[in-house]
Amino acid sequence: MRRVIEYEVTKESDGTPVKEILHRHFGLSARQVSRLKFQPDGILVDGEKVTVRHILQNGERLTLCLEPDTKGSDHLTPTEGALDIRYEDEDMLLVDKPSGLVVHPSHGHYSDSLANIVIYHYQTQKKHLVVRPVGRLDKDTSGLIIIAKHAAAAARFDRQRQEGELSRVYLALAAGCPRAKSGQIDAPLGRAEGSLIRRQVSPDGAPALTDYEVLLPGAQYSLIRLKLHTGRTHQIRVHMAYLGHPLLGDPLYGTEGSFGMNRTALHSWQICCRQPITDTPLHFTCPMPQDMAVLTAELSPSGFH
């Protein structure tokens with residue numbers, strides 16, 4: 001999908017080369033800038049084509065015309081399926097992913113992933129899209145996930161993640177209840193020996209930091225709010241097991257089917273970010289699915305809001 005982006009040059013940007021704005025403000029890679037340079041209307045200032053060496057002046061309007069990707073997700077099989085869209089604009093799509101659905105095609109799931117469904121959704125509108133999920137969710141994990149609609153949006157979201165402006169908060173049901181009602185788990189993670197899937201706390205692993213807060217304590221299980229500072233594979237699941245409170249239903253680090261949970265009880269509940277082009281602050285939340293909501297109601301008649 002073609003996207004036209006406009007940028008108003010301010011006093012702060014006066015005297016700045018176009019190239020610097022493309023890299024610093026929009027987060028575009030050298031390859032992405034190169035593609036813009038060779039498009040007839042790729043880079044315009046006040047409607048006139050300019051080079052990336054053009055020096056911007058206060059009051060000028062910089063226009064970028066991002067052409068659709070010619071390669072990418074078109075190789076995926078379009079698959080009809082439910083798509084619970086919670087927010088959408090020209091640059092991003094926010095979806096509530098159900099548990100049991102993988103995000104990317106993988107072994108055994110070549111045509112039934114979220115990406116396949118998204119491709120079908122846009123093909124019915126005769127639109128071309130490369131599926132660029134921002135972050136990842138495990139198959140069992142339900143909840144919010146962002147999909148960037150073009151390379152510039154993906155680059156801006158990546159920068160937000162690096163600078164801590166994009167945050168995701170999870171809700172989980174964990175066995176028992178941590179003694180401390182809130183805290184931070186600072187434990188590096190690495191691959192478990194002899195396994196391609198499992199992870200473990202390892203002194204020589206990659207740094208991993210997770211904040212937690214007990215929202216609804218219980219003798220058998222509790223509702224926990226978790227915020228990631230890093231995004232390691234299975235980070236929440238391994239950290240909670242390391243704390244002695246594995247997530248309900250977790251087949252790798254806990255007990256599969258515990259309290260009737262047929263999947264790992266983890267839900268991507270909240271995302272805070274900035275709109276990748278306008279920089280407008282955005283805040284989204286998504287209710288827990290039925291399986292977690294039922295068990296949460298057992299902890300508190302009013303449930304969690």
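The largest pocket in this predicted model has a volume of about 1,000 Å³. As for terms, a pocket here is an open set of points on a 1 Å grid over the protein atoms alone, where a 1.4 Å probe fits and protein lies on both sides within 12 Å along at least five of seven lines; lining residues have an atom within 4 Å of a point. The volume is the space filled by probe spheres set on those points, which are joined across faces, edges and corners. Residues are numbered from 1 along each chain as its sequence is written, and side-chain values use heavy atoms, with hydrogens and water left out. Local features need pLDDT of at least 70 and side-chain atom pairs count only at pLDDT 80 or more, while totals for chains, interfaces and linings use all residues.

The lining of the largest pocket runs to 36 residues, with Arg-136, Tyr-170, Leu-228, Gly-231 and Arg-232 nearest its centre. Helix H4 (151-163), strand E9 (167-175), strand E14 (221-228) and helix H5 (235-242) are the elements that each give two or more residues to this lining. Helices (H or I, at least four residues) and strands (E, at least two) are DSSP runs, numbered from the N terminus. By class, the lining splits into 12 nonpolar, 13 polar and 11 charged residues. For this count, Ala, Val, Leu, Ile, Met, Phe, Trp, Tyr, Cys and Pro are nonpolar, Asp, Glu, Lys and Arg are charged, and the others, Gly among them, are polar.

The second largest pocket comes in at about 250 Å³. Its lining includes His-104, His-107 and His-109, along with Leu-137, Asp-138 and Lys-139. Four nonpolar, four polar and two charged residues make up that lining.

Beyond its neighbours within four places in sequence, Ile-236 is in contact (heavy atoms within 4.5 Å) with Tyr-170, Thr-210, Leu-226, Leu-228, Leu-247 and Leu-266.

Most residues other than glycine have a negative phi. His-234, in the loop between E14 and H5, has a positive phi of about 60° and counts as buried at 12% relative accessibility. Phe-259 also has a positive phi, about 55°; this residue sits in the loop between H5 and strand E15 (266-274) and is partly exposed, at 37%.

On the sheet side, E1, E4, E2 and E3 form an open antiparallel sheet in the order E1-E4-E2-E3. Strand E1 (3-8) and strand E3 (48-49) are at the edges with a single partner strand each, so one side of each has no neighbour in the sheet. Two strands pair if DSSP finds at least two bridges between them, and E1 and strand E4 (residues 61-66) share six. Arg-3 has Leu-66 in E4 as its bridge partner. Elsewhere, strand E5 (residues 85-88) runs antiparallel to E6 with three bridges, and a hairpin of three residues joins the two. Within this pairing, Glu-88 stands opposite Leu-93 in E6.

Terms used. Buried means under 20% relative accessible area, exposed over 50%, partly exposed in between (1.4 Å probe, protein chains only).
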